[in-house]
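Please keep the sequence and the model in view while reading.

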Amino acid sequence: MTATNEQARVDWLLDGTLAPAVGGDSLAPLYEAANRGELALPFCAACAQPVELGQEICDNCGASEQNWRAVELLGSVHSATLMHRREPGLVRAQHPYPIVDVEMNSGHRLVLTTVHPADTAPAIGTAVTIDFRHLGNVAIPAIDTLEDK
């Protein structure tokens, strides 16, 4: 990787040492898809209902087997807040930044921040698209576009 590419991969929010370890992780399908520019999320293998990240049993039918599949990169803001946090050496942001609960069109809910620095939280109901931040060598879903941009 060239210095320019490496610099482009420096995350605006967190130090790269905070990148998740993805080998053998239960979220491995999420990270593998993100590295391809896709968002893969779990669905119940028995009834095909969305299953939240980290959820082991389907709320709809009680089954425990899951299938991961790519979903549309669209959703809307369910709730949002501004995080005020300084932790030198780990948190790079010098100003408050948005934390957004996104209801995906797939029926999943994800808590994300933005691909690029932002100093305001989007309004509830705002349509969003998902892109990816890069923390170390790991792609992580984040809000890319807000309808009011």
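Where does D15 lie? D15 is found in the loop between α1 and α2; helices (H or I, at least four residues) and strands (E, at least two) are DSSP runs, numbered from the N terminus. The model is a predicted one, in which local features need pLDDT of at least 70 and side-chain atom pairs count only at pLDDT 80 or more, while totals for chains, interfaces and linings use all residues. Residues are numbered from 1 along each chain as its sequence is written, and side-chain values use heavy atoms, with hydrogens and water left out.

D15 counts as buried because its relative accessibility is 18%; buried means under 20% relative accessible area, exposed over 50%, and partly exposed in between (1.4 Å probe, protein chains only). Apart from neighbours within four places in sequence, D15 is in contact (heavy atoms within 4.5 Å) with G89, L90, R92 and L135.

Strand β1 is largely enclosed by the rest of the structure, because six of its six residues are buried. In a regular strand the side chains alternate between the two faces of the sheet. From β1, L39, L41 and F43 point one way, A40, P42 and C44 point the other way, and all are buried. β1 pairs with β2 in the antiparallel sense over six bridges; two strands pair if DSSP finds at least two bridges between them. Within this arrangement, F43 stands opposite N67 in β2. The charged end of R69 sits over the ring of F43, 3.5 Å from its centre (the criterion is NZ of Lys or CZ of Arg within 6 Å of the ring centre and within 35 degrees of the ring normal).

The loop between β1 (39-44) and β2 (66-71) holds A48. The phi of A48 is near 70°, a positive value in a residue other than glycine.

The largest nonpolar core has 28 residues, and those with the most contacts inside it are L13, L39 and V102. Such a core is a set of buried Ala, Val, Leu, Ile, Met, Phe, Trp, Tyr and Cys residues joined through side-chain atoms within 4.5 Å. The elements giving two or more residues to this core are α2, β1, β4, β5 (109-112), β6 (127-135) and β7 (138-146).

One aromatic pair is counted, the rule being that rings of Phe, Tyr and Trp (its six-membered ring) pair if their centres lie within 6.5 Å, with planes under 30 degrees apart stacked, over 60 edge-to-face and the rest tilted. W12 and Y97 form this edge-to-face pair, 6.1 Å centre to centre with 80° between the planes.
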